[in-house]
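Here is a quick tour of one multi-chain model, helix packing included. Have the viewer open and follow along.

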Amino acid sequence: MLKRIITLAGTLGLCLSLATPAQAGPKEDLARFQHFYLKRFPGVPLKEFANGVYAIDKVSRENWEAIEEFPPYEPYVEEGKEMWNTPFKDGKGYKDCFPDGPAIKADYPRWDAASKRVLTLELAINECRQAHGEKPLKYKKGPIAILTAYIAWESRGKPTHVVIPDDPDARAAYERGKRFWLARRGQLNFSCATCHAQNAGKHIRADILSPALGHTTHFPVYRSKWGELGTLHRRFTGCNKQVRAKPFKPQSEQYRDLEYFLTYMSNGIPLNGPGARK
Amino acid sequence: MNQESPKMKTLSLFRAAGLALVLTGLANGPALAGDSAQAQYEDMYQQAKAAQKRAASVEGEWRDIGKFLKKAQALAKKGDYEAAFKLARKAYIQGKLGYTQALSQQKVDWPSYFK
Amino acid sequence: MRTAPFPPLSGMALASAMALTAGLAAPLQATAGPSAQALEQGRKIAFTRKLGNCLACHHIAGGTAAGNIGPPLVAMKQRYPNKAKLHAQIWDATVANPETPMPPFGRHQILTERQIDLLTDYIWSL
């Protein structure tokens, strides 16, 4: 018995020393996360993960490359540009809220210290609209996806560079997002990690599961299944529902924190939105 | 930790429940008065609503609970309390299971395949 | 720790509960092996998306568009000499392996007891 306790203590000590290389935090998480996928898919460079399933499966890639020759999102980018340039009723426009716009996708999501929450691009857009007497847009599809398609297009090539500031509230939001991604949920008891890490590259029925590395770089996305554009939170909703969990509202704190964590995990990968997917 | 297989355990539970039912069945008579069926349904519905709320409070609500409860209410409106009861009971169980699941996941960290 | 969240059963559920116990008893005492009809019922549960949907993750002879998350379901009697172990795996695979991707069909009541019995018999026949 005593011997067992000693070995147990020994193992515990070992685990602790392994688990805390200078206080495991976002930086260590990031290294662990990216290392996992780079090791799982040798020969696939970090940047290439921006292409989801098409980075790891040759056959689907060929189909996709054919689609990309006449990108289905192109008309939306044009439409989004018009939206961007159309003044609000008060005569102001998006440019008044976003002086660096339209190429601002890489600035989001970010921690907003003043309001103590994760600020996403979609949320910032609606707050801008409301400040100028316009109605907020719905968050899953339609105009918001069209406008952000233009913003994403203009932001192409900029690297993902989410910052987790040294602020306990920001850190807590990050941790909530991480836990959301790792937690099993729904009647089917899957976590995001079950499908997009543990089984990335495998088939679920006829679908190939994409690596979560690069999951955020190409949104909004045109999905053939939808026949239209959709936002990242629309995708979260779908992935929650398929495990029979009740989805959260798009732009809820849960999904914004999740976006914060997930986007941070793709730091260093250039943006390539809007994307096209099956 | 009990090593009994889950099936055996649930089986004996079911048998016990069955026996209890036979007994109550005999005591109350097999056919339930409409009134008490309604009361039992309403009680189950309230319990299910509470279980749903509790699961949601830990972000553990499952997808179909709300749907079951809506359907149950519609059935009850038509007077089919037996079917309504069954659905409400299902919602109640799922509420409990979702709550338990969410609690079990509150301290998750990187799984071993990430190490 | 397995909590069985059974709410108080009412007399109203009498008939269904009794039907259930009766249904459960059948496959247990089946010493001569399941009937072809029972196996077919099990197969349907395995192949139907809204039921077992085993094909989502496992290759099974006769199934199309199968996934490969889990191992192909072949030679099951060799892999599970004890049928109860297979039943337990379907019931709640997280008991044997907390990191399994497999849904706990029994613990989360994705399938009924009766369905899991039928499914176990079918899978064991592969």
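First, the ground rules. This is a predicted model, in which local features need pLDDT of at least 70 and side-chain atom pairs count only at pLDDT 80 or more, while totals for chains, interfaces and linings use all residues. Residues are numbered from 1 along each chain as its sequence is written, chains are lettered from A and ligands numbered from 1 in the order in which they are written, and side-chain values use heavy atoms, with hydrogens and water left out.

**Helix pairs**

Two packed helices are described by the angle between their axes and the distance between the axes. Helices (H or I, at least four residues) and strands (E, at least two) are DSSP runs numbered from the N terminus. Axes are lines fitted to C-alpha atoms, for helices over the stretch in contact, and angles run from 0 to 180 degrees between N-to-C directions.

| Helix pair | Angle | Axis distance |
|---|---|---|
| Helix 6 (residues 121–131) and helix 7 (residues 143–155) of chain A | about 110° | 11 Å |
| Helix 4 (residues 74–85) and helix 7 of chain A | about 95° | 7 Å |
| Helix 3 (residues 65–77) and helix 4 (residues 81–104) of chain B | roughly 160° | within 8 Å |

For the wording, angles under 35 degrees count as roughly parallel, over 145 as roughly antiparallel, 65 to 115 as roughly perpendicular and the rest as oblique. Contact means heavy atoms within 4.5 Å. Ala, Val, Leu, Ile, Met, Phe, Trp, Tyr, Cys and Pro count as nonpolar, Asp, Glu, Lys and Arg as charged, and the others, Gly among them, as polar.

With helix 4 and helix 7 of chain A packing at about 95°, the pair is roughly perpendicular. Among the residues meeting here are Tyr76(A), Met83(A) and Trp84(A) from helix 4 of chain A, and Pro143(A), Tyr150(A) and Trp153(A) from helix 7 of chain A. By class, this contact has 11 nonpolar, one polar and two charged residues.

Helix 6 of chain A also sits roughly perpendicular to helix 7 of chain A. Their crossing is right-handed (left-handed if the near helix is turned anticlockwise from the far one by less than a right angle, right-handed if clockwise). On one side are Leu121(A), Glu122(A), Ile125(A) and Asn126(A), and they meet Ile144(A), Leu147(A), Thr148(A) and Ile151(A).

Over in chain B, helix 3 and helix 4 are roughly antiparallel, and their crossing is left-handed. The contact includes Phe68(B) and Leu75(B) of helix 3 of chain B, plus Tyr81(B) and Leu87(B) of helix 4 of chain B. It divides into 12 nonpolar, two polar and two charged residues.

**A sheet in chain A**

Chain A has an open sheet of three strands, ordered 6-5-7, with mixed pairing. Strand 6 (228–230) and strand 7 (275–277) stand at the edges with a single partner strand each, so one side of each lacks a neighbour in the sheet. The twist averages 35° from one strand to the next. Two strands pair if DSSP finds at least two bridges between them; strand 5 (residues 221–223) of chain A is joined to strand 6 of chain A by three, running antiparallel. Look there for Arg223(A), which stands opposite Glu228(A).

**Chain A against chain C**

How many residues does each chain bring to the contact? Chain A gives 16 residues and chain C gives 23 residues. The buried area is about 1500 Å², with carbon and sulfur atoms giving 46% (accessible area, 1.4 Å probe, that two parts lose on being put together, summed over both). Arg184(A), Gln187(A) and Arg205(A) lose the most area in chain A, together 44% of what that side buries.

Most residues other than glycine have a negative phi, and most peptide bonds are trans. Gly101(A) and Pro102(A) are joined by a cis peptide bond, with omega about 5°. The bond from Tyr108(A) to Pro109(A) is cis too, with omega near -5°. Pro102(A) lies in the loop between helix 5 (94–97) and strand 1 (110–112) of chain A, and Pro109(A) is found in the loop between helix 5 and strand 1 of chain A. Gln251(A), not a glycine, has a positive phi of about 70°.
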